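Colleague: I have not worked with this entry before. Could you take me through how to read it?

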Amino acid sequence: MRAPIKTLLLDPRPWGRDAGLLLLRLGFGLSMAVFHGWSKLPVSEDFIRVIRDIGIPAPAAMAWIAVLIEFVGGILLCVGLFTRPAAVGVLFTMLVAFFVRYAGLPIDERELSLLYATVCVGFICTGPGRYSLDQLIGGRSAPPPAYSDTTSVRTRARAPRQPSISTPR
């Protein structure tokens, strides 16, 4: 019974990383698409007014762009397609929300946008993982060969040590 738990928690192979990225993408992407994108479609006059009030030019167009980035970007992140570009788009909208839209509010009232932005940075750094459409279509997120499923950091071949040569005095 203890071996599976030890394997799950301590195994250096990337299957766990890829499974974790899949779960994170599913939860994050669906949340972004449904609660931030879909809930604002079609874009209301109130949302356009908010965009206008914070000083963003072309508020109607920018409101549609922001909502579409949240909706389409969330779906793309969920399925792992164009993951890094989608994460950049969502990151930008969340940073605008954090630093501009909710700038005057206490941090505890704007932390959700910061949390979303942080997850986007994680996706930009890691990519979508093995269980994604990016991987299925083009292998764009394959781990480097040194860290494949069959080889871990601990078992990689190392160069043999050179024997020390002592010279007579």
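Modeller: Start with confidence, as this is a predicted model. The average pLDDT of the chain is 85, and 74% of the residues score at least 70.

Colleague: Over which residues does pLDDT stay under 50?

Modeller: Where pLDDT is low, the predicted coordinates should not be read in detail. Here that applies to residues 144-153, where pLDDT stays under 50. The model has 14 contacts beyond four places in sequence for this stretch.

Colleague: How many helices and strands are there in the chain?

Modeller: The chain has seven helices and zero strands. Along the sequence the pattern reads α-α-α-α-α-α-α.

Colleague: How should I look for a core?

Modeller: In soluble globular proteins, nonpolar side chains tend to be buried together. In this chain of 169 residues, 31% count as buried. The largest nonpolar core has 14 residues. Phe28, Met32, Leu77, Val90, Met94, Cys120 and Phe123 have the most contacts inside this core. Two or more residues come from each of helix H2 (15-37), helix H5 (83-101) and helix H6 (107-126).

Colleague: What does Met94 touch, leaving out residues up to four places away in sequence?

Modeller: Met94 touches Met32, Glu70, Ser113, Tyr116 and Ala117.

Colleague: And contacts across the chain?

Modeller: Take the contacts between residues at least 6 apart in sequence: 66% of them join residues at least 24 apart.

Colleague: What about the surface?

Modeller: The accessible surface of the chain is about 11200 Å². Carbon and sulfur atoms account for 68% of that area.

Methods: Residues numbered from 1 in each chain as written. Predicted model: local features only at pLDDT ≥ 70, side-chain atom pairs only at ≥ 80, totals over all residues. Heavy atoms only, no water. Core = buried A, V, L, I, M, F, W, Y, C linked by side-chain atoms within 4.5 Å. Buried < 20%, exposed > 50% of the residue type's maximum accessible area, 1.4 Å probe, protein only. Helix = DSSP H or I, 4+ residues; strand = E, 2+ residues; numbered from the N terminus. Contact = heavy atoms within 4.5 Å. Areas by Shrake-Rupley, 256 points an atom, 1.4 Å probe, with all protein chains shown as cover. pLDDT = per-residue confidence, 0-100.
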